[in-house]
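Hello,

Here is the structure I promised to pass on.

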Amino acid sequence: MGKERVLIVEDDADIREGVRILLESENNEVEEAENGRKGLELLNEDTDLVILDVMMPGMSGLRTCEEIRKSSNVPVLFLTAKAQESDKLIGLMAGGDDYLAKPFSYAELLGRVKALLRRYHIYMGKKVLETVESAYLEMNGIRIHQSFNEVFVKGEEKELSDIEYHMLLLMMQINCITG
């Protein structure tokens, strides 16, 4: 799978830089815009996620999101100092998919980014890079999805913890390679 392309639209250069460094460390391609108009210019069909500040000079993040929604269903994560419940509701009503108040933890931001990207790619099918059959490994009655925690043993679905899933997936991948 290629790198996900994330567009950060934030007027604070320090926040943009911190978020960019975090996302690039997770193998994402990042583009930056200091205002809504520039963000709209950079947005294209390859954009997988927009991280958008609400309060920016010129075009607000809310207005920018409304413009994005006219042409794209790309996920939008609002990242803003406006933390009142009414502010969140306005952001979501403007077309945002998630809302994270400043100050925020990088761990929570990264978790939300990964969740939005997963929903966009897997559940909405933006870029299904693998066929349904090639998404699974099968061996000795065990069938495991290679992208998310879905495991069947002799046709019966099993619930595994994340660590159990990743260990089983690794063992099956190694066995398929060394066969």
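Below is what I found in it.

This is a predicted model: local features need pLDDT of at least 70, side-chain atom pairs count only at pLDDT 80 or more, and totals for chains, interfaces and linings use all residues. Residues are numbered from 1 along each chain as its sequence is written, and side-chain values use heavy atoms, with hydrogens and water left out.

The sheet first. It is open, with 5 strands in the order β2-β1-β3-β4-β5 and parallel pairing. Helices (H or I, at least four residues) and strands (E, at least two) are DSSP runs, numbered from the N terminus. Two strands pair if DSSP finds at least two bridges between them. β2 (29–33) and β5 (98–101) are the edge strands, each pairing on one side only. From one strand to the next, the twist averages 20 degrees. Angles run from 0 to 180 degrees between N-to-C directions, with axes fitted to C-alpha atoms, for helices over the stretch in contact.

β4 (residues 76–80) runs parallel to β5, joined by 4 bridges. T80 sits opposite A101 of β5.

Now the helices. α3 (residues 61–69) packs on the sheet and touches β3 and β4; contact means heavy atoms within 4.5 Å. The direction of α3 makes about 175 degrees with that of β4. α1 (residues 13–25) lies across β1 (5–9), β2, β3 (49–52) and β4, at about 170 degrees to β2.

Last, T47. It lies in the loop between α2 (36–42) and β3.

Best wishes
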